[in-house]
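Please read the following briefing on disulfide bonding alongside the sequence and the model.

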Amino acid sequence: PSRSHFAHAMSRVAVIFAVFGLSFAFLAARLATYEETVDSLLHLVSLGQPLSRKFNIDPLGFDFKSCGSPSDPVVIHNATLTDPIPLPGSISFSVNFTLGVSLASPLKADLSIKKKVLGVYVPIPCVGNIGSCTYDDLCSLIPSISECPPPLSTYNVPCQCPFGAGTYSIPPYSLDIPEISGIPSWLTNGDYELQATVTLANGQRAACYEGHVSLQQS
């Protein structure tokens, strides 16, 4: 009986090892497939695309709208932006917004970025913390500085957490975008669709906005 019990136990161990082996092989195959999918997406969205406005197809320029509700404490009243954005080049922008509550750490953000390729918006994966990513705390990504740069300092707009409640406004302001090395390969000519949702520490949604913007490399 002892030999029979031992043999039975060993067979069970063998089955367990076989299951673990198959599971590992399955996960490795899925991981390889995922990496291949990400590489394929990055290659696809890295191709420069003609802007839709050339064919009189939406989007015809920069736009944005709320994807939240009127009760969200963060409200963008209006915003303007040079369109398309030249890379490199000079842009002009303005914004007026209200923070109904103070925004403090942890401040979660979910960002979705899609690029129009052959008439279809293709999601850009999160690679190296850039792309369609979830950030557990935006505050931790903001470097500590002694003084906010212009135009934020010029118009008393906060740039460090916590962001105090209030209404803030930046009138039309010009800014030069230099040639930047090491930018993501997908950041090329084309139309982009963005959506951002910000969530407070208590789980309440602070804001949700979506919009379109176009890039044009010089």
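Is C208 buried or exposed? C208 is buried, with a relative accessible area of 5%, where buried means under 20% relative accessible area, exposed over 50% and partly exposed in between, for a 1.4 Å probe and protein chains only. The model is predicted, so local features need pLDDT of at least 70 and side-chain atom pairs count only at pLDDT 80 or more, while totals for chains, interfaces and linings use all residues. Residues are numbered from 1 along each chain as its sequence is written, and side-chain values use heavy atoms, with hydrogens and water left out.

**Overall pattern**
- The structure holds four disulfides, a disulfide being a pair of cysteine sulfur atoms within 2.5 Å.
- Counting bonded cysteines along the chain, the pairing reads 1-8, 2-3, 4-7, 5-6.

**C67 and C208**
- The sulfur atoms of C67 and C208 lie 1.9 Å apart, and the S-S torsion is about -90°, so this disulfide is left-handed.
- The bond connects distant parts of the chain, 141 residues apart, with C67 in the loop between β1 (63-66) and β2 (74-81) and C208 in strand β10 (residues 205-217); strands are DSSP runs of E, at least two residues, numbered from the N terminus.
- C67 is partly exposed at 25% relative accessible area.

- C139 is joined to C161 with an S to S distance of 2.0 Å, and its link is left-handed at -80°.
- C139 counts as buried at 11% relative accessibility, whereas C161 is partly exposed at 27%.
- C148 is joined to C159, S to S 2.0 Å, in a left-handed link at -95°, and these two cysteines are eleven residues apart.
- C148 is buried at 19% relative accessible area, and C159 is buried at 11%.

Technical notes:
Helix = DSSP H or I, 4+ residues; strand = E, 2+ residues; numbered from the N terminus.
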